[in-house]
Amino acid sequence: MPELPEVEVVRQQLESHIVGGTIQNVWIGRDDIVRQGLKSLPWYIKTQLVAVQRCGKSVALVCEQAGERRYMVAELGMTGLLLFDRQSVPSEKHLHVVIQLSNAKQGALHYWNARRFGRLSFLHAQEWEAYRQRRFGLDPLTVSENEFAALIKGCRGRVKALLLNQQRIAGIGNIYANEMLFRAGIHPDAQGHRLSKKRIQLLFGEMQEVLLESIDKGGSSIRDYLSPTGTQGQFQNYHQVYQKTRQPCPRCTTPILRLVSERSSFVCPSCQKR
Ligand SMILES: [Zn+2]
């Protein structure tokens with residue numbers, strides 16, 4: 001299930017392998033995979049891919065011709081994959097889009113998603129801007145410490161629910177929310193506005209650190225995640241609490257507890273205080 005680190009690894013690999021290439025053809029298996037902009041598809045043929053952007057758990061291929069830029073946006077959501085090699089595609093049944101490229105290190109990009117509806121959009125610049133505004137809050141890697149503190153201080157509910165709210169802060173899912181709260185010694189049920197300034201600073205630092213460490217390890221491969229080159233991430237080997245129920249806390253050896261709320265929470269009852 002891709003979260004920010006996995007999607008950032010996808011972005012980086014697309015940037016290094018296919019930016020600069022020309023789109024020769026786009027095959028779409030069924031029209032209902034396209035959420036928005038299907039009619040504008042012909043515009044993209046023979047455009048140059050000039051950049052790749054990440055926003056939350058979506059990746060946008062930035063296409064340019066005659067000075068105009070448009071955006072082919074793929075949502076990776078729960079199960080989406082972007083793969084260069086057709087042989088890495090888990091099943092032909094859920095292969096929805098194939099982009100053929102020339103003048104790039106890779107000749108194709110395959111979009112695979114076990115969930116079928118509405119996962120790709122073709123957007124003008126203003127539509128891409130509106131899409132980002134509507135769906136995504138602050139980016140955890142570029143947000144300032146002050147903006148982050150204001151977000152947490154304004155939270156009258158559980159801090160973990162806030163971290164998972166994509167419209168407030170985008171890209172954090174259950175794995176990294178659990179890991180960053182453990183590292184910062186904060187209980188998932190703690191109320192945001194009751195956290196001290198020091199705790200919030202600690203959470204800010206741990207949030208960025210755990211995400212960057214994971215990106216560095218190629219992300220976490222839980223279930224089916226593969227990067228575009230078809231390789232698995234390694235950060236699942238460095239998780240400290242996620243899915244570690246009854247295993248000893250790496251700090252104090254108290255057994256990790258699993259709590260069930262909106263999603264499973266994994267906590268050390270002695271390191272993480274409310
Ligand atoms: Zn502990």
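This is a predicted model: local features need pLDDT of at least 70, side-chain atom pairs count only at pLDDT 80 or more; totals for chains, interfaces and linings use all residues.

Colleague: Which residues make the contact between α4 and α7?

Modeller: From α4 come Glu 145, Phe 148, Ala 149 and Ile 152, while α7 brings Ile 200, Gln 201 and Phe 204. By class, that contact has 5 nonpolar residues, 1 polar and 1 charged.

Colleague: How do you know whether Leu 195 is buried or exposed?

Modeller: By counting. Leu 195 has 20 other C-beta atoms within 10 Å, and a residue is buried at 20 or more, so Leu 195 is buried. Leu 195 sits in the loop between α6 (174-184) and α7. Leaving aside neighbours within four places in sequence, Leu 195 is in contact with Ile 152, Val 159, Ile 186, Ala 190 and Ile 200.

Colleague: What makes Ala 66 and Asn 103 buried or exposed?

Modeller: The cut-off for exposed is 12 or fewer. Ala 66, in the loop between β4 (58-65) and β5 (68-75), has 5 other C-beta atoms within 10 Å, so Ala 66 is exposed. Asn 103 lies in the loop between β7 (95-102) and β8 (108-112). The count for Asn 103 is 12, so Asn 103 is exposed too.

Colleague: What is the phi of Ala 66, and of Asn 103?

Modeller: Phi is near 50° for Ala 66 and near 60° for Asn 103. Each is a positive value in a residue other than glycine. Most residues other than glycine have a negative phi.

Colleague: How do you know that domain 1 and domain 2 touch?

Modeller: The domain assignment gives domain 1 (4-135) and domain 2 (145-236). Contact requires C-beta atoms within 7 Å, and 22 residues of domain 1 are in contact with 21 residues of domain 2. On the domain 1 side, α1 (4-18) and β6 (81-83) each supply at least two residues, and α1 gives the largest share, 10 residues. That side divides into 12 nonpolar, 5 polar and 5 charged residues.

How values were computed. Residues are numbered from 1 along each chain as its sequence is written. Domain bounds come from an automatic or database domain assignment. Two residues are in contact if their C-beta atoms, placed from the backbone, lie within 7 Å. Helices (H or I, at least four residues) and strands (E, at least two) are DSSP runs, numbered from the N terminus. Ala, Val, Leu, Ile, Met, Phe, Trp, Tyr, Cys and Pro count as nonpolar, Asp, Glu, Lys and Arg as charged, and the others, Gly among them, as polar.
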